[in-house]
Amino acid sequence: MQKSSTCLLAFVVCAYCQTMTLAFQAPRRRHLTYNNWRRSTTVQLPIECVSPLRATATAAGSGWINTKDLLQRSRRCSDNETSMATIDGGDADTVVRFPSQSSVERLVIRDRICFIKRDDNLFLPGSNISGNKARKFLSLNNLPDDEFPDALVSYGGHQSNAMVALAAIVSSKNAALGDRRTHDATKRFIYYSKPIPRYLKQNPSGNFLRATSLGMEIRTLPHEEYRSLFGGLHGGSAMPPADLDPPLAGRSLWVPQGGASGVAQDGADVLALEIVDFWASRDMPPLAVCCPGGTCTTALLLSRSIKRILRDKRIQSADNIKVVVIPCVGNDEYAMRQMASLDKSLGGRGAEKDMPAILKPRVDARSRGGTKGYLTFGEPTIEILETFDELNNAGLFLDLLYGAPAWTLMLQHWRSRDDNCPLTGRQVLYIHSGGLEGISSQMTRYKHKKLIEERTIQ
């Protein structure tokens with residue numbers, strides 16, 4: 001197992017540095033017509049018609065940019081032909097720029113056929129961010145360079161994937177502005193965190209090193225102050241803390257931890273359309289769409305979007321596609337609180353029946369530690385490392401924070417016949433969330449725990 005893991009490190013750099021040529025097109029008006037169906041169909045999406053972004057637009061009068069206005073601006077572009085989707089209706093020609101679809105690969109894992117949605121190979125132009133964050137931050141990446149907020153503000157962990165993705169987007173906007181940009185007009189990314197561990201401060205690595213190299217301004221807070229501003233039952237809110245002033249009034253955008261807000265809606269809508277198209281091409285068998293979950297934002301928004309599409313297409317059994325979230329942070333109760341909170345903030349009821357299914361550990365696995373049998377987020381374990389090696393040998397390369405822990409739990413139920421298990425009787429489509437660029441720093445933690453042998457870690 002250790003030898004197998006060693007051979008993977010050289011691949012990490014290749015996985016992070018590869019690029020793809022992506023076509024960003026799709027005029028946006030009031031309907032989305034998806035042309036990859038066996039017959040063309042028009043899908044109603046909840047796209048609000050609001051005025052373009054104004055410099056004075058604020059969130060709840062707090063001095064923060066209004067996210068709805070910002071998203072409308074990201075959907076405006078030139079009138080181009082579309083290769084993936086067209087949108088009809090409305091008075092003005094506006095455009096949502098969508099990436100080309102990520103591929104779906106078929107694998108056999110423990111004698112069971114499953115499908116992998118390769119979002120790890122989905123890269124956005126300019127920022128080059130990939131995976132789950134390419135979906136979540138599609139709307140931000142699409143904003144015209146000169147109309148991008150002067151400051152993004154967020155918070156979270158020191159090796160966060162969302163952190164480095166936001167840093168990359170801001171850096172790409174500054175690079176695109178080039179000589180047109182004055183010192184005062186430099187776009188900023190301000191990130192709040194708990195105190196930086198001594199080892200990381202002395203030996204910057206991983207996403208922390210990448211984000212700071214891209215110009216991130218990190219502001220550390222004592223633990224109690226951090227909890228006071230960003231804590232709470234739901235692990236934070238989609239709204240900026242009342243006690244946190246924007247660095248530039250009227251020109252600063254608040255992005256919750258992990259992008260847990262309506263900012264992620266556009267990317268989730270596109271992903272939902274791709275999944276339904278894949279499902280329709282396979283004669284619509286029962287399907288479990290499995291997503292690793294941190295804030296569980298993608299799972300919730302994806303589930304809402306798929307249900308809307310199936311309802312608008314008048315599919316009799318809309319439950320044939322079920323989104324299943326695998327909590328990698330906290331447990332099933334934490335995941336439910338997170339999703340219910342976000343659902344309510346977006347106009348939903350937050351009712352449990354409206355949420356994605358949550359995969360729970362098997363009863364005989366709940367005595368293994370962690371929270372209610374779930375693995376502790378970021379904690380190196382031999383169980384995760386064994387899953388990492390097994391899936392790599394099967395042709396699926398995963399990260400160690402979300403991918404491998406999610407599969408560790410999924411494999412507990414791989415041959416389950418329990419009717420209460422959301423994987424039972426369904427084909428499995430796993431959404432590869434990416435995050436491969438962070439493997440080197442994750443491997444460092446495994447080395448410190450003496451779970452892997454000495455090796456060169458890049």
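This note goes through the predicted model point by point, from the whole chain to single residues.

1. Basis. This is a predicted model, in which local features need pLDDT of at least 70, side-chain atom pairs count only at pLDDT 80 or more, and totals for chains, interfaces and linings use all residues. Residues are numbered from 1 along each chain as its sequence is written, and side-chain values use heavy atoms, with hydrogens and water left out.

2. Whole chain. The protein chain has 15 helices and 15 strands. Helices (H or I, at least four residues) and strands (E, at least two) are DSSP runs, numbered from the N terminus. Of its 458 residues, 55% count as buried. Buried means under 20% relative accessible area, exposed over 50%, and partly exposed in between (1.4 Å probe, protein chains only). The chain exposes about 20,000 Å², and carbon and sulfur atoms supply 47% of that area. Accessible areas come from the Shrake-Rupley method with a 1.4 Å probe; for residues, only the protein chains shown count as cover.

3. Contacts along the chain. Take the contacts in the protein chain with a separation of 6 or more: residues 24 or more positions apart account for 75% of them. Contact means heavy atoms within 4.5 Å.

4. The four-stranded sheet. An open sheet of 4 strands runs in the order β10-β9-β8-β11, with parallel pairing. Its edge strands are β10 and β11, each pairing on one side only. The twist averages 20° from one strand to the next. Two strands pair if DSSP finds at least two bridges between them. Strand β8 (residues 151-155) and β11 run parallel and are joined by 3 bridges. Here Leu 152 stands opposite Leu 253 in β11.

5. Helices on that sheet. Helix α6 (residues 161-177) lies across β8 and β9 (188-193), at about 165° to β9. Helix α9 also packs on the sheet; it touches β8, β9 and β11, and its direction makes about 115° with that of β9. Axes are lines fitted to C-alpha atoms, for helices over the stretch in contact, and angles run from 0 to 180 degrees between N-to-C directions.

6. Thr 220. This residue is in strand β10 (residues 217-220). Thr 220 is partly exposed, at a relative accessible area of 42%. Neighbours within four places in sequence aside, Thr 220 is in contact with Ser 193, Lys 194, Pro 195 and Ile 196. The C-alpha atoms of Thr 220 and Pro 195 are separated by 5.3 Å, although the two are 25 residues apart along the chain.

7. Ser 237. This one lies in the loop between α9 (223-230) and β11 (252-254). Ser 237 is partly exposed, with a relative accessible area of 40%. Leaving aside neighbours within four places in sequence, Ser 237 is in contact with Tyr 155, Trp 254 and Pro 256. Ser 261 is 24 residues away along the chain, and its C-alpha atom is separated from that of Ser 237 by 8.7 Å.

8. Strand β15. This strand (residues 427-431) is mostly covered, with 4 of its 5 residues buried. Strand β7 (residues 112-117) pairs with β15 in the parallel sense over 3 bridges. Tyr 430 in β15 is the bridge partner of Ile 116. Strand β12 (residues 287-293) also runs parallel to β15, joined by 4 bridges. There, Ala 288 has Val 428 of β15 as its bridge partner.

9. The α13-α14 packing. Helix α13 (residues 382-393) and helix α14 (residues 403-412) pack at about 85°, with axes 8 Å apart. That makes α13 roughly perpendicular to α14. Angles under 35 degrees count as roughly parallel, over 145 as roughly antiparallel, 65 to 115 as roughly perpendicular and the rest as oblique. Among the residues that meet are Ile 384, Phe 388 and Leu 391 in α13, and Pro 405, Trp 407 and Leu 411 in α14.

10. Helix α15. Of the 10 residues of α15 (residues 439-448), 7 are buried, so this helix is largely enclosed by the rest of the structure. The buried set includes Ile 439, Met 443 and Tyr 446.

11. Positive phi values. Lys 450, in the segment after α15, has a positive phi of about 60° although it is not a glycine. Lys 450 is exposed, with a relative accessible area of 73%. Asp 111 sits in the loop between β6 (104-109) and β7. Its phi is near 65°, a positive value in a residue other than glycine. Asp 111 is exposed, at a relative accessible area of 75%.
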